[in-house]
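Reader: I would like to learn how to read a structure. Please take it feature by feature.

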Amino acid sequence: MNPSWPYPLLRLKPGKEGMLSRRHPWLYSGAVEAPIEASLVRIADHSGRVLGVGTASATNPLAARLFRFDDGPLDEAFFRERFETALQLRKDLGLWDPEGGCRLVFGEGDFLPGLVVDRYGSALVLQVGTAGLEALREVWWPVLFEIGKREGCTIFVERSQAGRKEEGLEPVNRLIKGSLAGPITIREGAAHFTVDLLKGQKTGFFLDQREHRLSLGRMAQDARVLNVFGYTGGFSIHAGLGGAAEVATLDISAAALDQCEKDWAMNGLDPADHIRMEGDAFELMRGLEPEAWDRVIVDPPAFAKARKDIDKAFKAYKDVFRLGARATTPGGLLWCFSCSQHLDRVRFQEAVDRPARGEPRGAGARASGAAHGPSVWAESSGRVLFEGAAGEGGVMAEEQPPSGSSRPKRVLSFFGAAWGSVSPAVLVIPFGQP
Ligand SMILES: C[S@@+](CC[C@H](N)C(=O)[O-])C[C@H]1O[C@@H](n2cnc3c(N)ncnc32)[C@H](O)[C@@H]1O
């Protein structure tokens, strides 16, 4: 714990400053000359020139994460500027809804590596992923609390984040401030969803799929819809409200499906039009009648939690997308998603293309897509692209600041016109069409 400035110097091996000079915020242990026992560091090249400031861990292979690319403290003013910028971005994007949900802070995408803050109506749910952020909690938490309160948030919850263990941190699941009688309700377009902030998966809900859920609602009239890995039925309820003839939600979690059924009814939908499919997707989908569903959503959990899992995960994605393709009617639509940060765009595309091409009726993949996730980055001509990082999606590019300015210019762009919104990856495969 070393919140006082100046933080100790973490020196790089000769020639290892390349990624940082391109403003990539991650530093792996192999680039570090000698690890030091400090959770907050100033990172310097071999000659001692400071390149940036961030959090660090002597035991994590991800040795440091940069918060700034100059030499200055991570103090109250720093966090205030970052939080206000993140908030303004969500406001500019039209996502800041007092009754809705949106990701206010998305780690690296908001230049706050390791920190996630989701808004659910009057609640903020935080995830703190590094020892450095823990060491600085007394600096950033009062600022976040003040801004949250100003914006009408009265409930503050903290949930665990994958990666805490590598930083030597205990799991956490608690109400920090305010009172919480039970799950809360948020609005998303015409739909209302119940979110359990303390027991739900991740921070309670999968906010990153908002735009896709909304778009499915517009394409559901009279359709038979199969929502695989459906969680609490976000896609299902939008489909039901969009006039679907019948909707099936498949998930392995009984608690999620219980909530889905309650929310289906809460949204005024007829329980007779909803089918509950509880169990393992790989097994249940094998037993489904082929070509029976007009709209099929396949949104699996991250199969590749680490780089070493990629090959196994690739096979699992391929299998489940193939089963999705098999269930889809000719002329229907299949949505394939991935939230594995380690599965890059090319492999994701391959995992979708292969089963689609292999379909006996000669279906073809037409649109292109990408994996979504907070830290799928691509480097391009001196800038870093943060895919899926801006307000839960899209691509955020940080350009080099113009000389003399300390504020990086931030650019949002999206892969493919079809997306046209702040959303993660999508691959829509129209079947039986040229
Ligand atoms: C990424 S979430 C889906 C989010 C959902 N599409 C939404 O918009 O809210 C993945 C879901 O897969 C479920 N799941 C994990 N393994 C599964 C399996 N083998 N079979 C079926 N469901 C599974 C989890 O319970 C979780 O609800």
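Predicted model: local features only at pLDDT ≥ 70, side-chain atom pairs only at ≥ 80, totals over all residues.

Author: Residues are numbered from 1 along each chain as its sequence is written.

Reader: At what angle do helix H2 and helix H4 pack, and how far apart are their axes?

Author: Two packed helices are described by the angle between their axes and the distance between the axes. Helices (H or I, at least four residues) and strands (E, at least two) are DSSP runs, numbered from the N terminus. Axes are lines fitted to C-alpha atoms, for helices over the stretch in contact, and angles run from 0 to 180 degrees between N-to-C directions. Here H2 (residues 76-92) and H4 (residues 137-150) pack at about 40 degrees, with axes 9 Å apart.

Reader: Which residues of H2 and H4 meet?

Author: Contact requires C-beta atoms, placed from the backbone, to lie within 7 Å. On the H2 side are Glu-76, Phe-79, Arg-80, Phe-83, Glu-84 and Leu-87, and they meet Val-139, Trp-140, Val-143, Leu-144 and Ile-147 in H4. Eight residues of this contact are nonpolar, none polar and three charged; Ala, Val, Leu, Ile, Met, Phe, Trp, Tyr, Cys and Pro count as nonpolar, Asp, Glu, Lys and Arg as charged, and the others, Gly among them, as polar.

Reader: What is the order of the strands in the open sheet of five?

Author: Strands of a sheet pair through backbone hydrogen bonds, either parallel or antiparallel. To pair, two strands need at least two bridges found by DSSP. The order is E6-E7-E8-E9-E10, with mixed pairing. E6 (101-106) and E10 (173-177) are at the edges with a single partner strand each, so one side of each has no neighbour in the sheet. From one strand to the next, the twist averages 20 degrees. E9 (residues 155-159) and E10 are antiparallel, over four bridges, and Glu-158 stands opposite Arg-174 in E10.

Reader: Why does Gln-259 count as buried?

Author: A residue is buried if 20 or more other C-beta atoms, placed from the backbone, lie within 10 Å of its own, exposed if 12 or fewer, and partly exposed in between. Gln-259 counts as buried because it has 22 C-beta neighbours inside 10 Å. Gln-259 belongs to helix H7 (residues 254-266). Beyond its neighbours within four places in sequence, Gln-259 contacts Thr-194 and Thr-232. Thr-232 is 27 residues away along the chain, yet the two C-alpha atoms are separated by 5.6 Å.

Technical notes. Contact = placed C-beta atoms within 7 Å.
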